[in-house]
Amino acid sequence: MVQLKSSKPVSVSFRIPYYTQWGQSLVVCGSEPVLGSWNVKRGLQLSPVHQGDELIWFGTLSLPKGFGPCEYSYYVVDDDRNVVRWEMGKKRRLLLPQTFEGGELLHLHDFWQVGADALPFKSAFKDVVFRRECTLEIEKPLGLIQNSLQNDDSLLVHFKVCCPNLQEGTPIYIIGSCSKLGNWKAQDGLKLFYAGDSTWHADCVLPKGDFPIKYKYCKCSKGGNISSETGPNREIALDSSITEPRYLFRSDGMLRELPWRGAGVAIPMFSVRSETDLGVGEFLDLKLLADWAVESGFHLVQLLPINDTSVYGMWWDSYPYSSLSVSALHPLYLRVQALSENIPMDIKVEIQKAKEELDGKDVDYEATLITKLSIGKKIFAQEKDKILTSNSFQNFFSENQEWLKPYAAFCFLRDFFETSDHSQWGRFSQFSIEKLEKLISKDSIHYGVICFHYYIQYHLHMQLSEAAEYARKKGVILKGDLPIGVGRNSVDTWVYPNLFRMNTSTGAPPDYFDKNGQNWGFPTYNWEEMAKDNYAWWRARLTQMAKYFTAYRIDHILGFFRIWELPEHAMTGLVGKFRPSIPLSQEELERDGIWDFDRLARPYIPQELLQIKFGDSWTFIASSFLNEYQKNRYEFKEDCNTEKKIASKLKSFSGRSLLQNEDHIRQELFDILQNIVLIRDPENPRNFYPRFNLEETSSFKDLDDHCKNVLKRLYYDYYFHRQEILWRENALKTLPALLNSSDMLACGEDLGLIPSCVYPVMQELGLIGLRIQRMPSEPGLEFGIPSQYSYMTVCAPSCHDCSTLRAWWEEDEERRQRYFSSMVGSDLLPPSRCVPEIANFIIRQHFEAPSMWAIFPLQDLLILKEEYTTRPAKEETINDPTNPKHYWRYRVHVTLEALIKDKELTSIIKDLVLGSGRSHPGKHAEKQVIPESAIATTEKKQIASGKEKANVATPLNGVPRKEAVAVSN
């Protein structure tokens with residue numbers, strides 16, 4: 001705390017350039033009462049002044065005696081002082097110099113902090129990529145001023161800049177247009193001092209006659225090489241319209257360097273194969289994967305979700321996005337050999353036998369999990385006393401008991417009642433702390449079973465922690481995956497039922513992945529309830545994830561703007577609505593001349609439709625499933641008026657000759673059930689939602705022109721206009737809770753039907769988006785253009801939810817020709833197979849893209865070498881989104897040990913990394929440039945398959961050759 005020596009207050013003036021919209025203004029708010037004590041409505045409102053082409057916001061306050069230090073931030077507010085947005089990054093710090101005696105006039109020159117400014121301080125960069133072997137020593141803490149003012153014709157200027165990527169022994173200087181800043185000569189510039197937390201600062205006294213001054217920051221390497229920051233010169237001018245200050249504190253944000261770009265590999269944990277595993281990838285295999293990543297020049301390994309999904313006790317649980325617990329790790333990834341150093345010989349023999357039996361082409365989910373748990377129980381029987389009383393276990397239990405206890409109890413009750421449907425658990429169906437504690441108490445006869453689940457989770461934690469720390473030391477980021485949903489029959493819905501809408505289901509409207517939409521089966525979130533404790537459930541979830549990962553992918557980030565909500569009785573994903581959303585009211589529809597709501601909101605089933613769909617069988621279908629409520633008009637019977645009821649009734653007809661093609665009959669009945677124009681709101685019958693793709697229904701086509709025109713207009717308004725403000729506000733309530741819960745680097749999967757508010761919000765929050773070339777976000781494009789991707793993106797040629805690059809290339813001849821023509825620039829016949837030269841071209845497009853990250857599925861990288869393409873391409877697909885019961889079982893057909901030994905493949909990949917100018921582990925040992933020869937060689941290669949030949953003779957999309965530069969260190 002600074003004690004002012006004079007009774008005169010210090011006058012502090014805030015200055016920040018920022019463009020607002022009409023009706024908005026800026027407020028500075030902070031931790032002290034004079035700045036509102038973080039109540040924005042009581043903060044200091046700033047006033048705008050136009051200066052040239054900038055809008056500058058000013059505000060002044062007097063600081064009382066004894067003030068400081070103080071944190072503060074800037075906020076955009078509306079006329080009622082409601083927060084519209086706030087700056088991202090760390091809180092600013094106001095610390096008055098110890099030399100101040102009172103009466104001084106201090107100007108703070110700040111710049112608005114966007115989300116991207118905070119990225120270098122995320123753990124992915126701070127603790128992994130920019131990780132230092134030693135800690136830089138603080139040379140001069142903030143608040144210490146080196147110089148003092150001697151006369152009124154001078155100004156003391158304090159400069160501050162952040163630079164997280166700086167090696168020890170690399171000083172930072174300011175060079176500029178005046179003598180105190182070296183007259184642009186680095187050797188005479190102003191040297192900055194390290195203040196901790198990646199911040200450098202210095203001060204100097206400048207004559208007022210030197211202003212305006214222009215300057216830049218620069219770094220001086222150990223070899224004496226000077227690298228000046230990129231971009232235009234910075235400038236400080238004195239404002240003649242306000243009282244000239246004696247002290248000016250300039251916060252310049254980040255030192256401007258060429259944007260950092262890195263690369264990574266994506267592979268599900270279950271798909272990894274090693275010489276040690278038992279039928280599936282295991283957490284300790286990540287150490288080998290990190291080694292291979294380093295050899296290949298990758299800074300990142302991306303996984304699919306790794307939480308326990310053991311809901312059904314069968315292969316359906318292979319779906320990694322439906323978790324039994326959002327905190328528990330999956331026992332599938334346990335290495336049983338590492339459970340003990342004293343495994344008896346008979347168990348070792350059993351492990352070896354299991355290893356041979358489970359070493360198949362694909363994952364045998366059920367057999368693998370049963371085997372691991374069986375072996376785990378045998379080792380637990382001999383090790384439990386030693387482990388459960390150890391300090392390591394006790395610490396683990398203490399830190400994780402809030403989720404671990406309910407998880408273990410749930411697993412016991414699931415097995416006892418032979419179902420995960422907790423509504424069937426009798427007196428345990430309603431969770432309570434009292435029942436839980438009694439069930440898991442040491443006096444309980446089930447205590448041993450409970451402890452086994454503790455034991456497995458402890459070892460999973462230890463093994464994953466070991467792998468994560470190994471990767472960090474290697475400079476490799478582990479990137480996790482945050483599923484948008486939670487299993488309906490899960491620990492979380494059992495313990496926190498108030499946080500979920502259990503009578504609903506989550507999905508996605510029709511898009512690239514599925515023209516009929518998707519129904520994932522998860523209950524939607526009760527955001528209103530979650531907000532009451534500031535999203536504590538989400539914050540705990542992210543905190544747990546951050547124990548292992550330094551980056552994460554937010555699955556279906558659109559769900560944090562709005563979620564596609566379906567009734568619980570739906571099986572498909574077509575007839576849903578967005579939550580939240582502004583519905584069409586009955587009054588609104590009536591004003592436009594829409595009156596017959598019964599006609600529009602119930603399935604439209606004329607007799608002609610039944611005859612078209614079912615032919616001669618229509619009468620049997622009608623008598624079995626429908627009632628004729630007026631002549632030639634039908635409605636579904638009560639026992640089959642939902643999709644689940646239809647499916648159930650069809651099973652009762654099993655074996656009848658008229659229903660031999662049950663799947664076809666079910667689909668046609670679903671189509672009829674979905675033949676509506678409006679969906680009535682079950683919570684308010686006077687509100688309606690337009691059915692997705694309503695123009696494709698015969699119900700719509702049979703309407704008069706007036707109704708069609710009105711409904712088309714309202715449909716467009718509902719889906720593409722009226723919700724934007726609401727969805728933006730919803731995202732700005734929910735997403736910051738996630739982002740502020742950890743310092744992991746966050747990436748959002750923003751594929752599908754994208755509202756216009758999504759990209760601005762992601763940019764504002766510093767969220768990195770996803771670009772898949774075959775799913776371009778730009779309208780009118782069939783294929784994305786990697787060279788035009790924005791920096792704040794991850795680019796990839798494919799992902800786990802679509803076919804691999806090789807399968808995509810080979811499955812559609814006409815599309816292949818269009819790609820070859822538009823992207824390669826050749827009208828010749830493209831190879832029918834995705835030969836290594838084709839893969840090299842496509843992969844290099846992505847490496848050279850401006851995107852911060854280029855992340856490649858391992859299957860796509862293996863195409864770079866012919867010998868890895870012997871397996872049928874379709875077998876390498878991880879997921880088929882159109883099949884809700886897809887078996888997630890793909891395993892790479894080559895071990896990690898073999899990949900590490902394959903120096904030819906790692907050399908090919910690393911050359912692509914180096915040639916693109918992307919960073920790689922060990923970059924300080926090698927200066928990274930884009931070698932001209934690497935580009936020329938690739939462009940001269942022939943792409944051939946048999947007799948089909950074509951030359952890749954056009955420049956590849958990516959970094960222009962004339963801009964090939966060394967990556968700053």
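**Salt bridges and buried residues in a predicted model**

A search of the whole structure finds 62 salt bridges, a salt bridge being a side-chain nitrogen of Lys or Arg within 4 Å of a carboxyl oxygen of Asp or Glu. This is a predicted model, in which local features need pLDDT of at least 70 and side-chain atom pairs count only at pLDDT 80 or more, while totals for chains, interfaces and linings use all residues. Residues are numbered from 1 along each chain as its sequence is written, and side-chain values use heavy atoms, with hydrogens and water left out.

Trainee: With which residue does Asp110 form a salt bridge?

Mentor: Asp110 is in the loop between S9 and helix H1 (123–129), and its partner is in strand S8, 18 residues apart. Helices (H or I, at least four residues) and strands (E, at least two) are DSSP runs, numbered from the N terminus. The closest N and O atoms of the pair are 3.5 Å apart, and the partner of Asp110 is Arg92.

Trainee: Is Asp110 buried or exposed?

Mentor: Buried means under 20% relative accessible area, exposed over 50%, and partly exposed in between (1.4 Å probe, protein chains only). The relative accessibility of Asp110 is 1%, so Asp110 counts as buried.
For Asp110, then, the word is buried.

Trainee: How many residues apart in sequence are the parts tied together by Lys126 and Asp743?

Mentor: Lys126 forms a salt bridge with Asp743, with the closest N and O atoms 3.6 Å apart. Lys126 lies in helix H1, and Asp743 in the loop between helix H19 (724–739) and strand S35 (745–748), so the pair ties together parts whose separation in sequence is 617 residues.

Trainee: Which side chain of opposite charge is nearest to Glu104?

Mentor: Lys and Arg count as positive and Asp and Glu as negative; His and the chain ends are not counted. Glu104 is in the loop between strand S8 (92–94) and strand S9 (105–109). Glu104 is buried yet has no salt bridge, and the nearest side chain of opposite charge, 8.3 Å away, is Arg246.

Trainee: What is the distance between the end C-alpha atoms of helix H18?

Mentor: The expected span of a helix is 1.5 Å times one less than its number of residues. Helix H18 (residues 705–720) has 16 residues and should therefore span 22 Å. The distance between its end C-alpha atoms agrees, at 22 Å.
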